[in-house]
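User: Could you walk me through how to read this model, one feature at a time?

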Amino acid sequence: MGDYDTMPVPDDNAAVTETPVSPPPQQRDELEDQKKRFEELNDRYLRLAADFDNYRKRIARDHEAQAQHANERFAVDILEIADNLDRALKADEDHLRIGVEQIRELLTGILARHSITSIDAFKTSFDPALHEAVAHIPSEEREGIVVDVVSPGYRMHNKVIRYAKVAVSKGKQSLDEMNI
């Protein structure tokens, strides 16, 4: 029974070493082709990503330059008004009103060239999309009608850029109550 208790230990030199199995030549060629294809695609991807980033930066610069150019044109037009105001201030009082009226016409023309138009608010129904109510006063007009324009509103390309500040009628009944 003693023979079964001990197991023979193999000698270190007797151990079998495994050698790596290399793929057949056809698979090796396919693997090399796939590696080359991967490197080409990765290179194309990196170039495309860099091109897109450059494009995005160029478009941002172009938009900024376009906005600055538009602001410059508007500033030059406004400077024309400033020059005319200076001339009007130097004029005698008889011609002052005429000069200011001409400057107002010039300003209206410049605003129109830049697609800026005033919002007609007087005697219209109050519209919160166009008007900002700064007062609610009794009047002969029916309730909700704009009875005074404190500050005109303006649109640019059909977008409201400044709401008209208006006084809105409370209606006739409020006027009658105040007289009692």
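Predicted model: local features only at pLDDT ≥ 70, side-chain atom pairs only at ≥ 80, totals over all residues.

User: What order do the elements of the protein chain run in from the N terminus?

Analyst: List the elements along the chain. Here there are four helices and six strands, and they run α-α-α-β-β-β-β-β-β-α.

User: How do the axes of helix α2 and helix α3 cross?

Analyst: Look at the angle between the N-to-C directions; over 145 degrees counts as roughly antiparallel. The axes of α2 (residues 25-90) and α3 (residues 93-113) cross at roughly 175° and come within 9 Å, so the two helices are roughly antiparallel to each other. By class, their contact has twelve nonpolar, one polar and three charged residues. Among those taking part are F74, I78, I81 and L85 from α2, which meets a set in α3 including L96, I103, L107 and R113.

User: Which residues make up the largest nonpolar core?

Analyst: For a core, look for buried nonpolar residues joined through side-chain atoms. The largest one here has five residues: A121, V146, A164, V166 and V168. Strand β6 (residues 164-169) gives the largest share, three residues.

User: And what does V166 touch?

Analyst: Leave out residues up to four places away in sequence, and V166 still touches A121, F126, V146 and V150, among others. Charged residues on that list include E132 and D148.

User: What share of contacts between residues at least 6 apart joins residues at least 24 apart?

Analyst: In the protein chain, that share is 61%.

Conventions:
Residues numbered from 1 in each chain as written. Heavy atoms only, no water. Contact = heavy atoms within 4.5 Å. Core = buried A, V, L, I, M, F, W, Y, C linked by side-chain atoms within 4.5 Å. Buried < 20%, exposed > 50% of the residue type's maximum accessible area, 1.4 Å probe, protein only. Axes fitted to C-alpha atoms, helices over the stretch in contact; angles between N-to-C directions. Parallel < 35°, antiparallel > 145°, perpendicular 65-115°, else oblique.
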